[in-house]
Amino acid sequence: MVLGACRQSPPPIQANLSTSAAPTHVFKGQWGGLGTQPGRLRFPNGIAASRGGDVYVADTNNNRVQRFTAAGTPVLTWGGQGSGEGQFLSPRGVAVAPDGSVYVADTSNNRVQKFAPDGTFLTAWGEAGTGNGQLNLPFGVAVDGDGYVYVTDTFNQRIQKFSASGVFIAKWGRNGTGKGQFSRPAGIAVDGDGRVYVSEIGNHRVQRFSTAGVFEALWGGYGTAEGRFRQPYGLAVDGSGRVFVADKDNLRVQLFSPDGAPLGGFAAENSAHAKPNYPLGVAVAEGGDVVVTDLYNNLVQVFAPASGDLPTVLVRVSGRGTFSGQADLRASVNVNGDPAGGTTVTFSLNGVQVGSAVADAAGVAVLSGVSLTGVQAGIHEQAVAAAFTMGELYGGAKGLLRVDKARQTLLFTPVPARARVGSSLALTASASSGLPVLLSSDTPETCTVTDAAAAFTAPGLCGLRAAQAGNANYHAAAELLQEVVVHQNSPTTLTGVSGNGVVGGTATLAATLGGEGAGLVGRTVTFALQGQTVGAAVTDGSGRATLTGVALTGVAPGGYPDAVTASFAGEAGFEAAQGVGTLVVAKAAQSLTFTTVPPTDAAVGGSYTVSADASSGLSVSFPSSPTGVCTASGNLISFVGAGTCTVSASQPGDATYDAAVSTQSFTVGAPASSAYTLDLSTLPVGRVIWNANVGRGITTGTTAGYVTIFAKRKDRTGNTAMVVGTDHRLIISKDGTSQLGYVTGGTLDFGFGNFGTGRVDVATLRVKSTTTLGGSVSVYRDTALLERVGLPRTGSGGTSLISLNVPDATLVRVTLTGPGAVDDVIFSAPQ
């Protein structure tokens, strides 16, 4: 919008729009001329201006593109006749993207080429044809603020939209005179809000579309009056949204509002040339100058905005955002063609002030992050207002707000991969927008969808689709498709097939039958082992079938992959199934049994012969532990120290049996004590034994010695008489087994000479030893213990005297312990 500026406060904003009586722009200069040298032109067509101020011209009959400064100085030339990369055949259209990339409509090559600002080839697309992405003599090209490329596919009577890299996105139009129809579309331009303007040579008019190709407006028609055209060609849109149209055969450029209202214009300069000027291409350069290609005079003409009494303030205001999101509000401020950088611009949205921003060096102020809550998608005319103050100048303007539809996504709950004829399935889907989702069947011959439920009617592939078409605020969502294989019978599976057993015994085979996601109960599963059928079992509540007692005759231990086969024959409503698994055969266990009992009186120096049997019949060995107590040699266990002897019976197993171990433990005592038994029962009755000397050497502990036993009697006078006779010997034995001496018959009765015969009731036992001894003396009547007295330890050569009551004694047992030698043992009557 062109605004008048005031130097008073508060200033009213007055329009200063040109009419047909007064041109909006005046001739400023020109450059070019016929030729092939740099800067010269031959029938120039399209023209474009970059943000940096440079001007690009499609030098059509020279088959090249030229780049000039704003003053017309040649900067760069590239191209040449041909169809290779960077070559042209009659290029007619040229456009400059926001990033500086240059797009050229290479008309007779039926393609679009893309270049860097320095002319370096980047990419190309298109070929002759009518399909998507194919072209038929394209005349015009334009780029929007998002980098999308629009091409007038002139003789296909349509517009095509591409990505910056040439990927086909959309197309619209066909031959005709109606809305959205075309007759030789030529010029094309895109405004800051993404609206697309197209000029038609054949229909002598201009049409406006949304960025998606939806028809919005048209104006013109054949004629010479203001607002009418004769073969309109080039189009351009300035920063305020005004539309410039090169009205070729009327030899003028006309200006319009975005809705087609005439705003005046200006005639091409021809005073210095014999030929009429035919304005073909038009572009708005930085600062507001308008550059026009003069087709037949091979020139570029420059026109400046006409000046008035007040400064010309150019303010373009716009806003763009997404429904239910945020918008960026933008205002560009120019005063007398110069950017008003540093100016603070205050923005309002729908009459409510929403913030301010400072214009950059290019005079552009942007306020980001403005909430669009409650604002519907669409074009909202005059919804954005911008106001500024610059010194004594005050200005402002309103512009449109473009609210794009929001995108939405679908969530479609996964469905089973398979289903059975006659079954049904509840479907669930939702849209991120909250809008209702349409559920349908792509294959009505196999399934139908009613009230969000799928019914499977025939075998085959069922396609289930979720869709949301969008509305005024949301784009249509990408549709989701899921497929289900429909079977006459429900499929079944046999999983977890296994077999386990012990060699020489039996195995248990098992498998799980499943169908439609759940176990099948009460169905018969048949099992085979290594290809031979061995039986069948019925599935339980979880679908598990278990067959026990399967003989493993001749099967060695180990694992046998795929040796177990489980089969389900199928039945009404369910398909047959088969599965295989591994058979695992374990070794048999064996037990060991000792067949000998360990000694209860084991002592150091002794031994024990052990034996044990294995239930497997294999041989058994006998390691001993700990070795400090006993050792093993074969089955002979030798006692080498005091403590606990553990005898192990071991069988290491073989290919059929696991190893086995069994133990028995017992105590091994210290070296055995010497027990000497004086047996009185064998002495003759009525005989007095005064002395009995057996004179045998024995070992007690570690020292050798001998024992002498004397039987003595003293009379009343105190005389001691010793009697030694071979028929009156005593028995002395070690541990009751080794006989050292003997005497025959009777019991021990002591007679007292003239004083008659009597029983000895009290005796004194004297033990004399050469080293320290210990022990005890026990007196028995037959097997009954009458008395036991301990022997005190004595020093070397000491004597122990012990008094014993021995009424009716039949046995005296002397037990000596500890190392040492016994000199003599004396058994005597009392003094």
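Modeller: Happy to, and let me start with a pocket: the lining of the second largest pocket divides into 9 nonpolar, 6 polar and 10 charged residues. Please keep in mind that this is a predicted model.

Colleague: How many residues line the second largest pocket, and which lie nearest its centre?

Modeller: The lining has 25 residues, and Thr211, Ala212, Arg402, Asp404 and His475 lie nearest the centre.

Colleague: Which elements give two or more residues to the lining of the second largest pocket?

Modeller: They are strand S15 (168-172), strand S27 (312-322), strand S33 (378-390) and strand S34 (393-404).

Colleague: What makes you place the second largest pocket between domain 1 and domain 2?

Modeller: Domain 1 (29-126 + 136-305) and domain 2 (313-404) both give residues to the lining, so the second largest pocket lies between them.

Colleague: Why is threonine 322 called partly exposed?

Modeller: Threonine 322 has a relative accessible area of 34%. Buried means under 20% and exposed over 50%, so a value in between is partly exposed. Threonine 322 is found in strand S27, and its C-alpha atom is separated by 4.6 Å from that of aspartate 404, 82 residues apart along the chain.

Colleague: Let's turn to the cysteines. How do you know that cysteine 447 and cysteine 462 form a disulfide?

Modeller: Their sulfur atoms are 2.0 Å apart, and the cut-off for a disulfide is within 2.5 Å, so the pair qualifies. The torsion about the S-S bond of cysteine 447 and cysteine 462 is about 85 degrees, which means the disulfide is right-handed. The pair links distant parts of the chain, with cysteine 447 in strand S40 (residues 447-450) and cysteine 462 in strand S42 (residues 460-467), 15 residues apart.

Colleague: How many disulfides does the structure hold?

Modeller: The structure holds 2 disulfides. One of them joins cysteine 630 to cysteine 645, with an S to S distance of 2.0 Å. Here the torsion about the S-S bond is about 90 degrees, so the disulfide of cysteine 630 and cysteine 645 is right-handed. Cysteine 630 lies in strand S56 (residues 630-633) and cysteine 645 in strand S58 (residues 643-651), so the pair ties together parts that are 15 residues apart in sequence. Cysteine 630 and cysteine 645 are both buried. Counting bonded cysteines along the chain, the disulfides follow the pattern 1-2, 3-4.

Colleague: What makes S56 and strand S57 a pair, and in which sense do they run?

Modeller: S56 and strand S57 (residues 636-639) are joined by 4 bridges and run antiparallel. Threonine 631 stands opposite serine 638 in S57. S56 and S57 form a hairpin with 2 residues between them, and glycine 634 in the turn has a positive phi of about 65 degrees.

Colleague: How many bridges does S51 form with strand S44 and with strand S50?

Modeller: Strand S44 (residues 492-502) and strand S51 (residues 577-586) pair in the parallel sense over 5 bridges, and asparagine 500 has valine 584 as its bridge partner in S51. Strand S50 (residues 558-568) runs antiparallel to S51 and is joined to it by 8 bridges; glycine 558 stands opposite valine 585.

Colleague: One last topic, the backbone. What makes the phi of asparagine 63 worth a remark?

Modeller: Most residues other than glycine have a negative phi. Asparagine 63 is not a glycine, yet its phi is positive, about 50 degrees. Asparagine 63 sits in the loop between strand S5 (55-59) and strand S6 (64-68).

Colleague: Where is histidine 204 placed?

Modeller: Histidine 204 is in the loop between strand S17 (196-200) and strand S18 (205-209). Its phi is also positive, near 55 degrees, and histidine 204 is buried, with a relative accessible area of 14%.

Key:
Residues numbered from 1 in each chain as written. Predicted model: local features only at pLDDT ≥ 70, side-chain atom pairs only at ≥ 80, totals over all residues. Heavy atoms only, no water. Buried < 20%, exposed > 50% of the residue type's maximum accessible area, 1.4 Å probe, protein only. 1 Å grid on protein atoms, 1.4 Å probe; cavity = no way out; pocket = protein on both sides within 12 Å on 5 of 7 lines; lining within 4 Å. Nonpolar A, V, L, I, M, F, W, Y, C, P; charged D, E, K, R; others polar. Domains from an automatic or database assignment. Pairing = 2+ DSSP bridges.
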